[in-house]
Amino acid sequence: MAEVIVVGGGVGGMVAALLLARGGHRVALHERLDRLGGKLAERERAGFVFSLGPSLLTLPEVFRELGVARELVELDELCRYRFADGSELRAYRDPDRMAAEVDRLAPGEGAAWRAFHGWAANCLEASRRTFFAGPLGRRPERARIGDLLAVAPGRTLDGLARRFFRDPRLRQYVGRYATYAGSSPYRAPAALGCVPAIEHGDGGWYVPGGLPRLADDLAGLLIDAGVEAHTGSEVTGVLAGRSAVSGVVLASGERVSADAVVVNADAAALYGRLLPDDRRLRRIGRLGPSSSAFLLLAGVEGRTGGLPHHSVVFSADYRREFGDIFERRRPPEDPTIYIGCSAVDDPSQAPAGAENWVLLVNVPAGDPGRWPMTPDAYRDLVLERLARRGHDLSGRLRFVESFTPADLRDRYGAWGGAIYGTAYRGAFAPLRRPGNRGPRRGLYLVGGSAHPGGGLPLVAMGGRIVASLVEEDLPARRGTRVR
Ligand SMILES: Cc1cc2nc3c(=O)[nH]c(=O)nc-3n(C[C@H](O)[C@H](O)[C@H](O)COP(=O)(O)OP(=O)(O)OC[C@H]3O[C@@H](n4cnc5c(N)ncnc54)[C@H](O)[C@@H]3O)c2cc1C
């Protein structure tokens, strides 16, 4: 049995801890905040509940296989996209229904959507056999010769959208998937186009009571598996000799020894602070930070007829919007606005007759002190743009609360507020992320900033990959120690 310390109780850290404990290792998890879940966090105010992070669950079987037994709710409408010309696209899981919707929006493009969906499903299968199957640098056992071609190397996501669609609105809809990874469709690889195949294959799901209940369920499983979970316990350093790790230092000054340390904190925080390594930190810096978010939590009076759980209100000029975020590094003047309203499916999320709106705008990571306008002025701009695009909340707002990238940085410990880790830039971006094995024996990385990347199911898969690496290096059965 090995002694394993997990630094951070996000989904990646919790899944790694769970599987290692079930595999017979002694596992202690240290989380600096007073609750587990990381970005699966919420804010309650005056009877309104707001998710501060994930709002859509995909690939629910990844969590069911871990033992999460909670009944989940499948969304009928995955998302409603509203374009700058006022037209709308309703996305449904069923490919026939979706193709019909696309044809209704842009006659003749339904067949193009089917072709796109076929490409995305192929790309997803290839990714499952290769990229998602194990750590970077290892030859995937089930890989096929055509897998590299299936992910369209050399194309950007926007290039992929242009290959399939003539209608600019449909190109914008495809480009939106780059933002799931905090990236720009004009720089991100086409491989991110596999994400819609997940939504149209396995659906989009809601966790009753809010997505943070998933973290509560995982926390319960950790207790059952015998993981020692310490909340309010920050790790300030990883102890290591020249070749192997030997434990961690806690903020209290206590040193705790271990055979293996699994870091679920941001990779930049590991190499910048916990175990300084300038070369690796520079390499992460060269990849560039992901975007961040400007979040508005709004308690809204009354019910909005026909409002779905998830909506996206697009900007008029997508290229300019991403130029603002990734080149000019300022919040977009004409932002795309995501609206999440869980009260649509769950009355526990807002007082009777009211709605809990989460508005999310993609903005650059970094200090909002450098923005050309104050966060309050930007809040007003977002609400004004929303009103112009059909959602006028004036007269209906009970309150509105803003979270800037600096607030999210402090809350999530995310590098400069880069809440998705590094951006995906260039054809091989997924392969250039920090790997799961660290530079010392017994050191591992898991979570959104490491391979295989962010999104709840993917960080859970990362937890599985890391647990299998630890098991390979320190098999529980033989009681081998690294030192
Ligand atoms: C606004 C937003 C919306 C999103 N929407 C979705 C969505 O709809 N669907 C989806 O699937 N994904 C979504 N995501 C992505 C998803 O939230 C993340 O991929 C996932 O939660 C990241 O998990 P993680 O394992 O990387 O850990 P994190 O959630 O980043 O947690 C890391 C934990 O480590 C702790 N920690 C850090 N440093 C230390 C230290 N030194 N000592 C102790 N503890 C430490 C932190 O406090 C934190 O709890 C969204 C993300 C954001 C930010």
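Predicted model: local features only at pLDDT ≥ 70, side-chain atom pairs only at ≥ 80, totals over all residues.
Residues are numbered from 1 along each chain as its sequence is written, and side-chain values use heavy atoms, with hydrogens and water left out. Local features need pLDDT of at least 70, side-chain atom pairs count only at pLDDT 80 or more, and totals for chains, interfaces and linings use all residues.

Start with the domains. The bounds come from an automatic or database domain assignment. Domain 1 is made of 3–40, 211–287 and 419–477. Domain 2 takes 41–75 and 291–417. Domain 3 runs over 96–203. The centres of domain 1 and domain 2, taken over C-alpha atoms, are separated by 27 Å. Across this pair, 31 residues of domain 1 are in contact with 29 residues of domain 2. Contact means heavy atoms within 4.5 Å.

Now turn to the helices. Helices (H or I, at least four residues) and strands (E, at least two) are DSSP runs, numbered from the N terminus. Helix α4 covers residues 110–129, and helix α8 covers residues 195–202. The two pack at an angle of about 100°, with their axes 8 Å apart. These axes are lines fitted to C-alpha atoms, for helices over the stretch in contact, and angles run from 0 to 180 degrees between N-to-C directions. The pair is therefore roughly perpendicular. That scale counts angles under 35 degrees as roughly parallel, over 145 as roughly antiparallel, 65 to 115 as roughly perpendicular and the rest as oblique.

Which residues of α4 and α8 meet? From α4 come Trp113, Phe116, His117, Ala120, Ala121, Leu124 and Arg128. From α8 come Pro196, Ala197, Ile198, His200 and Asp202. By class, this contact holds eight nonpolar, two polar and two charged residues. Here Ala, Val, Leu, Ile, Met, Phe, Trp, Tyr, Cys and Pro count as nonpolar, Asp, Glu, Lys and Arg as charged, and the others, Gly among them, as polar. An α-helix has 3.6 residues a turn, so residues three or four places apart point the same way.

Ala111 also sits in α4. Its relative accessibility is 54%, so Ala111 counts as exposed. The cut-offs are under 20% relative accessible area for buried, over 50% for exposed, and partly exposed in between (1.4 Å probe, protein chains only). Ala111 and Phe165 are 54 residues apart in sequence, and their C-alpha atoms are 9.8 Å apart in space.

Helix α6 (residues 157–164) is largely enclosed by the rest of the structure, because six of its eight residues are buried. They are Leu157, Asp158, Gly159, Leu160, Ala161 and Phe164. The cover over these residues includes α4, α7 and α12 (318–326).

Helix α7 (residues 168–175) is mostly covered, with six of its eight residues buried. Those six are Arg169, Leu170, Gln172, Tyr173, Val174 and Gly175. At the start of α7, a side-chain oxygen of Asp167 comes to within 2.8 Å of the backbone nitrogen of Arg169.

His451 and Pro452 are joined by a cis peptide bond, with omega about 0°. Pro452 lies in the loop between β19 (443–445) and α15 (456–473). Ala46 is not a glycine, yet has a positive phi of about 50°. Ala46 is placed in the loop between β3 (42–45) and β4 (48–51). Arg329 also has a positive phi of about 50°. The loop holding Arg329 runs between α12 and β16 (337–340).

Arg389 is buried, at 13% relative accessible area. Beyond neighbours within four places in sequence, the contacts of Arg389 include Arg82, Phe314 and Asp334. The side chain of Arg396 makes polar contacts with the side chains of Thr304, at 3.0 Å, and Glu355, at 3.5 Å. A polar contact is a pair of N or O atoms within 3.5 Å; within protein, one must be able to donate a hydrogen and the other to accept it, and residues adjacent in sequence count only if both atoms are side-chain atoms.

Last, Arg409 is in helix α14 (residues 405–412). Arg409 is partly exposed, with a relative accessible area of 31%. Not counting residues up to four places away in sequence, Arg409 touches Ala414, Gly416 and Gly417.
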